[in-house]
Amino acid sequence: MIYIVEAFDKKTGFFAFEEKIPEGHDEDLKEIMGWTSEQQGWEGYDLTRSQLDALEVILGRNIYDPIYIFQLSCNDYA
């Protein structure tokens, strides 16, 4: 499964950028997101600030900016 953090402009709703979560963090993501079942590959989730903070640790950098809405998407393709 491929997991991607997507940022959308709050004013326009337009896609701004994305950050791919490195492979090997499935268990970390389950804990951060509170998932109790396996992801199917079509889900999308609005991220809270605390969830984004935890994902930034995995990414190894700060991506938060208050002008964006952040979501996590799950894709079953590369």
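**Note on side-chain contacts**

1. Y68 is buried, and so is F70, where buried stands for under 20% relative accessible area, exposed for over 50% and partly exposed for what lies in between, computed with a 1.4 Å probe on protein chains only. The model is predicted, so that local features need pLDDT of at least 70 and side-chain atom pairs count only at pLDDT 80 or more, while totals for chains, interfaces and linings use all residues. Residues are numbered from 1 along each chain as its sequence is written, and side-chain values use heavy atoms, with hydrogens and water left out.

2. The structure holds seven aromatic pairs, a pair being two rings of Phe, Tyr or Trp (its six-membered ring) whose centres lie within 6.5 Å, with planes under 30 degrees apart counted as stacked, over 60 as edge-to-face and the rest as tilted. One of them joins F8 and F15, whose rings are edge-to-face at 5.8 Å centre to centre and 70 degrees between the planes. F8 counts as buried at 19% relative accessibility, whereas F15, at 45%, is partly exposed. The pair of Y68 and F70 is also edge-to-face, because the planes stand at 80 degrees, with the ring centres 6.1 Å apart.

3. Ring pairs link F17, Y64, Y68 and F70 into a cluster. Over the ring of Y64 sits the charged end of R49, 3.6 Å from the ring centre; the criterion is NZ of Lys or CZ of Arg within 6 Å of the ring centre and within 35 degrees of the ring normal.

4. Four salt bridges are present, each defined by a side-chain nitrogen of Lys or Arg within 4 Å of a carboxyl oxygen of Asp or Glu. In one of these, the side chains of E19 and R61 meet at 2.1 Å, N to O. Since E19 lies in strand β2 (residues 15-20) and R61 in the loop between α2 (49-59) and β4 (68-75), the pair ties together parts that are 42 residues apart in sequence; helices (H or I, at least four residues) and strands (E, at least two) are DSSP runs numbered from the N terminus. E19 is buried at 17% relative accessibility, while R61 is partly exposed at 43%.

5. K30 forms a salt bridge with E27 (3.3 Å, N to O) and another with E38 (2.8 Å, N to O). K30 and E27 are three residues apart in helix α1 (residues 26-33), and therefore about one helical turn separates them. K30 is partly exposed at 23% relative accessibility, E27 is exposed at 55%, and E38 is likewise exposed at 55%. Through shared partners, these salt bridges join E27, K30 and E38 into one network.
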